Amino acid sequence: MNKNKITVFELTTLSFFLFNSFLFTTGIQNLTKQNNTDSILSILIGSLFLLLLFHLLKGIYQFHQQQNILGKIEILFPKTKTFIFLLLILLLFTTLIYSIHQISTYINYYILKETKLLVITVTLLLSVLYICKKGIISIVKLSEICFFLYLFLFIITILGTLKYLNLENIKPLLTSSIEDNVKSSLLYFSSLIFPFFLITIIPKAVLIQKKKYEQAISKGLKYSSLICFIELFITISILGVQLTKIYVYPEMTVYKKISFLNILEHLETTLAFSQILNSLFIIVLMLWSLHALLEKLIPIKKEKENISYSLLLLLLIFAGTLLTIPHYYFLIENLIVLGLLLLIRLKISIRKYNQQVLIGKQSLIHFDLKYKKF
Amino acid sequence: MIKKIFVLVSILLLTTSCNSYTELSDLGITSMLGLDYQNEEFIVYTTIIADRDNEENKEKYKTYHATGKTLEEAFENIYIQNSKKIYLSHMNLLVITEDLINNQLTTMIKHFLSNNEYRNNFQIVTIKSKLEELFYQEITAEEINKLITINMEESGTTRSIDFETFLKDILIDHNTILPTIKLENSVFIEGFALIKNNQIYDFLSNEDAILYNYLTNEIKKTTFQGITVYENETIITTKKNNIEISITSTINKQPELYQKELKTALLNLLTTYQQKQYDLLKLEYKIYQNDYSYYQKSQDVLNQLKFHIKIHPTIKNNYLEEVNTNE
């Protein structure tokens, strides 16, 4: 077994967690506020949009398979690469602040009520730093272990909530206007563009079965959409749309209800761990990418990595105490990343077209020379 | 290696409650909470499970009360008398007064929603008597909850409502019901309090509460005009503005009389509240769920409702009488 390679399943699990970050960054509440009970359909429509985007972006994965997205940017935009890297640093930095703030307040509110927010943030970032330092291969391998843990917690949630399901709460369906359906589907869609970018950090060549790279990402997206759909369905059918709209994390209210035979109760803190997993991998990959981007601009020696990571974390904590990033800002950032990904895709297409024209011209010249000789 | 140990130890220290922990004996586990609003002040009553360290102290619960301009202030004032941290996660019952409902219901709801310590699955009742009497008569939350559960199963005069159901009903159309208790030497069930637009709208007597429970399919066992009902099932279906109510009951005698009297009583209750513009069964919302296109087209759905009640009584077999007849 090659230790420097990853399997298809490992990549699937990582992309699953990245796409599942929707439950954490945007969340069920925002979606339900937009489209009431029809938000269940929004996930389905949104995931179709995402699959379309995925097929559109396939060209990026196939281009220079040894390189990750940063290397590809260097090849495609040799003149403007510094500007693009700076823009990405800004986007990643602010999104990281948003994500870290979200997860820290979540832990503080639901799990460690007595612990100070700063202590939680520092502890979380220490764990994130430890994972980042292990490198991208270890991050992907860790996601596989966490996937089984997540699945176990999810099955417990389903078993514990079955008795509370009330399908009447899902009614009425198909009542929202096309505009509302599109808006909420786009909300789901636009929350998940960063994961597409972060996956491209892993070069195709790292995979044992290179051909199945796209298949792994697509599977991760499908599994995540299914989990989001089930989670939303369970939440609305138990709480009803009115209650779902008022709780920031309605899943937690559902978890509070779970008890097995009146013996196993108060499981919400344990089940809340699944939400932490949803956010952990996106934070880890963002930090890793941010560091990699900084390395592109400022050459950092391998021995000085600890210092650079620590400085980055300190800067994040400091900026996090000063800045509050609203949710709409997070969505705008995702849309900027979408623009960048589309630009890269376009550039690859133009490059391919030019190459084909060049090959055509060369073969024409070759043919011409042969004809003259003849 | 040293770095790894340092990271692990620091994570363990920070996340395993080594920092700012609370001893179990320092927690004032609250089982019942009472809220009132008098002279522009909140009054909070709380029953806390007492320490059992001291064998001489045989009190199971201790009661505290405090006032404050806000609910938070009132809670803070309880700490002046009590050295324990009030722990609300195990709260079983919330008792609220008419004055609180009429003046500060939304404030109370906001307080419960913003405080994550409440589990929101506690029972909620309204009291017609003074809170002080209830809390200083050493009546526990368990006793009141049992009283409600037993009456729900045996007499059909009440039903338990938890905070989440209450909140959901309020959010749908600003109306809901709450079981009511009163004190006369001991605790009594007193039907339901009807709430509309964050105010007490009306009260349902125990007799009307039975009818209401018939309509909401909450009757397990009851007595209606001297006829014992052993089992009951109510199904409500909506077809545009036609509300079809089908009641199947197992009774001990006089099916014709039961059929006639129950139908009259139920129709009377439904039309009375329809005229009063109070949607007792949340039928507007049911129509919104089941027939959305009709709901969109219609105006003033509540006034257009037509009730069709069908009652199917069956007599319960009395094996003892059959044996007697055979003899």
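Modeller: Confidence comes before anything else, as this is a predicted model. Chain B has an average pLDDT of 88, with 90% of its residues scoring at least 70. For the model, ipTM is 0.81 and pTM is 0.87.

Now to your sheet. Its four strands line up in the order S10-S11-S12-S13, all in chain B, and the pairing is mixed. S10 (222-224) and S13 (306-315) of chain B each have a single partner strand, so they stand at the edges and one side of each has no neighbour in the sheet. On average, and ignoring direction, neighbouring strands here are turned by 40° against each other.

S10(B) pairs with S11(B), residues 227-239, through three bridges in the antiparallel sense.

Next, the helices. H7(B), residues 206-215, packs on the sheet and touches S10, S11 and S12 (242-251) of chain B. The direction of H7(B) makes about 55° with that of S11(B). H8(B), residues 255-275, packs on the sheet as well, touching S10, S11, S12 and S13 of chain B.

From H7(B), the contact uses B:Asp208, B:Leu211, B:Tyr214 and B:Leu215, while H8(B) brings in B:Ala265, B:Leu266 and B:Leu269. Sort the residues of that contact by type and you get six nonpolar, no polar and one charged.

S7(B), residues 175-184, and S8(B), residues 186-196, run antiparallel and are joined by nine bridges. There, B:Leu178 stands opposite B:Ala193 of S8(B). The two strands make a hairpin with one residue between them, and B:Asn185 in the turn has a positive phi of about 70°. S8(B) is also joined to S9(B), residues 199-204, by five bridges, again antiparallel. In that pairing, B:Leu194 has B:Asp202 in S9(B) as its bridge partner. The hairpin of S8(B) and S9(B) has two residues between the strands, and B:Asn197 takes a positive phi near 50°.

Definitions and conventions: Residues numbered from 1 in each chain as written. Chains lettered and ligands numbered in written order. Predicted model: local features only at pLDDT ≥ 70, side-chain atom pairs only at ≥ 80, totals over all residues. pLDDT = per-residue confidence, 0-100. Pairing = 2+ DSSP bridges. Axes fitted to C-alpha atoms, helices over the stretch in contact; angles between N-to-C directions. Contact = placed C-beta atoms within 7 Å. Nonpolar A, V, L, I, M, F, W, Y, C, P; charged D, E, K, R; others polar.
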